[in-house]
Amino acid sequence: MKARRNKKQVPSFRKLIKTSKVKLENKLKNKQFKQQSTIKKYRKEQRKLRQAVKDAVSKKPIPLEDPKNKRQAAQRTEREDGEEEEALPLDMLDEDDLQLLKDLGQRASFLTRDLSSSKPVHIKKRKHESVIDKYEKVPRTLQTAPEKELIHLLPIKDKGGIIPQTREKPVPDIHREEEDQEEEIELEEEIPEIPVKELTIEEHLAERKKKLQDKKIHIANLASAILSDPESNIKKLKELRSMLMEQDPDVAVTVRKLVIVSLMELFKDITPSYKIRPLTEAEKSAKIRKETQKLREFEEGLVSQYKFYLENLEQMIKDWKQRKLKKNNVVSLKAYKGLAEVAVKSLCELLVALPHFNFHNNIIVLIVPLMNDVSKSISEMCCEAVKKLFKQDKLGQASLGVIKVISGFVKGRNYEVRPEMLKTFLCLRIKEVEVKKDTEDINKPKKFMTFKEKRKTLSRMQRKWKKAEEKLERELREAEASESTEKKLKLHTETLNIVFVTYFRILKKAQRSPLVPAVLEGLAKFAHLINVEFFDDLLVVLHTLIESGDLSYQESLHCVQTAFHILSGQGDVLNIDPMKFYTHLYKTLFKLHAGATNEGVEIVLQCLDVMLTKRRKQVSHQRALAFIKRLCTLALQVLPNSSIGILATIRILMHTFPKTDLMLDNESQGSGVFLPELDEPEYCNAQNTALWELHALRRHYHPIVQRFAAHLVAGAPSEGSEALKPELGRRSAFELFESYSMADMTFNPPVEPSNSKKKDKLSQRDTFLNEDLNQLIKKYCNEVVTETPLDFSNCLKTCLR
């Protein structure tokens with residue numbers, strides 16, 4: 001009953017309303033803390049008491065002496081005297097003091113008594129000793145055990161009254177449990193361990209092969225079940241995804257790789273062609289049909305499993321990056337890279353295959369930093385995936401998301417990234433952007449009439465027909481599969497603005513960065529889409545970069561290419577003479593050779609096409625002659641495919657500028673002498689020289705070079721025996737350069753094998769001639785030696801005559 005009275009009453013509902021939840025939690029925590037502190041304090045006190053009892057027991061008290069036993073008293077006196085002699089000098093004590101000490105030693109001291117066993121000193125019993133006094137003299141013992149809790153039972157009523165009934169609450173016997181545990185341990189130790197059979201390498205490999213085969217069959221069964229009926233078996237995706245945590249060390253890595261690839265292919269197949277949005281509260285509470293409910297469950301399960309799958313792939317990549325070995329993980333650090341590569345490959349596939357589905361932006365955020373990864377294989381894999389996405393993205397929504405992330409990443413890294421990241425911009429499918437004046441005039445958005453306008457201008461029947469037409473037109477717009485041109489132009493314009501902002505930042509802040517060639521190449525491709533207002537400033541920047549001398553040969557060629565792309569588009573309306581860029585290209589042509597700089601021939605061919613062919617009206621006759629002469633000389637020192645491309649360019653220039661055929665004559669025209677070392681194409685007097693290099697190229701070892709040289713010597717005719725075949729004449733210089741490339745270290749075209757019979761006849765004839773010549777020389781030399789001393793060379797000349 002006391003326990004019930006002391007127990008704190010539960011607060012009423014009204015009090016709970018007034019009291020905040022936080023306050024109640026704090027009170028509960030304080031109460032628990034007080035209980036814990038009380039228990040700790042009680043345990044501490046008990047520990048101290050146990051220690052004190054142990055100390056008291058360890059010190060054995062000296063037993064009390066019997067006053068009747070004189071012998072024992074004498075021994076004790078002698079012992080104490082000996083101790084006192086050691087302790088104090090007795091000559092310093094008086095006789096009375098010494099006698100007092102001896103009398104005290106013969107009595108039982110209070111300090112030397114054992115209170116628990118010995119009897120009191122005064123043995124005489126009092127006659128009238130009460131029970132209470134006797135009980136009070138018994139030594140007290142502190143309570144070392146906690147009070148036992150009582151369970152109150154139903155009372156019993158008899159003649160004497162009500163008798164309360166109680167029972168002790170059973171306390172678990174700790175010592176008994178410890179003894180049971182010790183017995184169990186002893187039993188376990190007594191049981192003999194069965195030795196594990198050690199497998200040989202062949203048996204281990206056979207067992208691993210069997211395990212792997214079972215796992216493959218299980219994966220195949222799950223995947224086929226999901227593909228056969230995705231809506232009914234969507235829960236099996238979770239079972240398949242759980243195999244990503246395979247714990248068998250023999251097959252863990254292989255199984256995880258197989259599961260990653262299998263899930264990737266499954267998601268590519270069963271994912272719908274639309275984005276799944278979360279349901280609203282109204283939609284969840286509304287009553288729907290069973291088919292709709294089944295579809296919703298499928299979509300919800302698909303999105304959740306797809307999300308968990310992407311999180312697993314991200315965690316694998318993080319583990320590989322951080323090089324952290326997890327606890328209870330069966331995958332070694334060496335296997336992390338293989339798993340990470342498979343995970344990155346799957347992410348790249350999903351990036352390209354599912355640009356319309358959920359979490360595509362999350363995949364972009366994962367892929368873009370990996371484009372700048374230290375591992376070259378992973379970096380190339382991610383860059384190729386982004387290029388593929390740009391090439392197949394017709395609308396531009398996915399491309400815009402990737403461009404935003406790349407631009408922010410490049411800026412955040414302070415432009416210290418791989419050039420391959422910016423080279424992916426070249427694959428963007430942007431051919432036109434939104435121009436305000438043009439779009440306002442051409443693509444005016446169709447507006448529907450308001451109700452007031454209809455009421456003023458139309459009759460009641462006409463309004464009715466107009467309303468039906470507008471409704472039908474709206475439905476057609478919604479059902480139209482292709483996106484509108486306005487939306488496409490808007491996305492392309494925003495994408496190109498971000499690209500140009502990235503390019504201009506690099507040109508302004510990082511002119512010595514390795515990103516400059518990629519920037520210049522990108523500007524050259526999209527220069528026709530730049531606003532005309534920026535042309536002057538951009539040309540000044542490009543010329544400054546060339547004159548600075550900090551650029552390499554290829555980077556300077558990119559500057560020239562960019563400048564002429566700008567001028568060939570909207571720049572036609574500008575009155576600018578880019579003579580400085582012509583001079584720079586003419587000056588640097590001789591830096592090309594058959595070694596490392598042979599790669600620059602591709603850019604040179606593109607520059608020549610833009611500078612001379614497309615701007616034929618702005619190019620003077622002297623400039624065309626100078627470039628033809630220098631290109632003809634350059635064809636002698638480059639690889640065969642480069643020579644073919646250069647000769648094809650010369651052929652186009654001779655057709656574009658008909659008066660340049662005067663260089664095929666030996667007679668000089670005009671006054672002056674040709675100055676091949678002068679860097680100004682306008683003043684080198686190229687009309688006073690001839691294309692003698694073509695005659696040397698006619699004896700080139702490559703048959704296509706020979707054919708082109710003979711064609712140009714004949715004046716590049718379009719008909720006749722010296723005319724080119726259609727497969728050579730109709731192809732551009734750049735296409736010929738690529739088709740006859742020798743990058744595979746093979747002769748292109750392949751050498752035709754000669755006839756074996758003719759070869760045998762020629763070899764026999766050569767051997768006969770050599771034998772006859774040797775005999776003739778020996779015979780003649782012997783005769784000559786006997787007559788006149790002549791040298792061997794004169795003998796050989798005589799024989800040959």
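Helix α30 (703–713) buries Ile704, Val705, Phe708, Ala709, Ala710, His711 and Leu712; buried means under 20% relative accessible area, exposed over 50%, and partly exposed in between, with a 1.4 Å probe and protein chains only. The model is predicted: local features need pLDDT of at least 70, side-chain atom pairs count only at pLDDT 80 or more, and totals for chains, interfaces and linings use all residues. Residues are numbered from 1 along each chain as its sequence is written, and side-chain values use heavy atoms, with hydrogens and water left out.

**Overall build**
- The protein chain has 34 helices and 2 strands. These are DSSP runs numbered from the N terminus: helices are H or I with at least four residues, strands are E with at least two.
- Of its 801 residues, 31% count as buried.
- Residues 24 or more positions apart supply 68% of the contacts with a separation of 6 or more. Contact means heavy atoms within 4.5 Å.
- The accessible surface of the chain is about 56500 Å², and carbon and sulfur atoms hold 54% of that area. Accessible areas come from the Shrake-Rupley method with a 1.4 Å probe; for residues, only the protein chains shown count as cover.

**Around α30**
- The buried residues of α30 pack against α28 (640–656), α29, α31 (726–729) and α32.
- Just after α30, glycine 715 has a positive phi of about 95°.

**Aromatic pairs and charges over rings**
- The whole structure holds 11 aromatic pairs. Rings of Phe, Tyr and Trp (its six-membered ring) pair if their centres lie within 6.5 Å; planes under 30 degrees apart are stacked, over 60 edge-to-face, and the rest tilted.
- One of the pairs joins tyrosine 701 and phenylalanine 747, and is tilted: 6.1 Å centre to centre, with 40° between the planes.
- This pair links distant parts of the chain, 46 residues apart. Tyrosine 701 is in the loop between α29 (693–697) and α30, while phenylalanine 747 is in the loop between α32 (733–739) and α33 (756–787).
- Tyrosine 701 counts as exposed because its relative accessibility is 55%. Phenylalanine 747, at 30%, is partly exposed.
- Phe267, Tyr306, Tyr309, Phe357 and Phe359 make up one aromatic cluster.
- Arginine 623 lies over the face of tyrosine 582, 4.4 Å from the ring centre. A charge sits over a ring if NZ of Lys or CZ of Arg is within 6 Å of the ring centre and within 35 degrees of the ring normal.
- Arginine 630 lies over the face of tyrosine 586, at 3.9 Å from the ring centre.

**Two helix residues**
- Threonine 583 sits in helix α25 (residues 579–588). Its relative accessible area is 12%, so threonine 583 is buried.
- Not counting residues up to four places away in sequence, threonine 583 touches Asp679, Glu680 and Pro681.
- Lysine 294 belongs to helix α12 (residues 290–322). Its relative accessibility is 37%, so lysine 294 counts as partly exposed.
- Beyond residues up to four places away in sequence, lysine 294 touches Glu231 and Ser232.
- Lysine 294 and glutamate 231 lie 63 residues apart in sequence, yet 7.2 Å apart in space, C-alpha to C-alpha.

**Cavities**
- There are 2 cavities of 30 Å³ or more. On a 1 Å grid over the protein atoms alone, a cavity is a set of points where a 1.4 Å probe fits but cannot get out; lining residues have an atom within 4 Å of a point.
- The second largest cavity holds about 50 Å³ of space.
- Its lining consists of Phe390, Asp393, Gly396, Ser399, Leu428, Arg429, Ile430, His492 and Thr495.

Definitions and conventions
On a 1 Å grid over the protein atoms alone, a cavity is a set of points where a 1.4 Å probe fits but cannot get out, and a pocket is an open set with protein on both sides within 12 Å along at least five of seven lines; lining residues have an atom within 4 Å of a point. Grid points are joined across faces, edges and corners, and a volume is the space filled by probe spheres set on the points.
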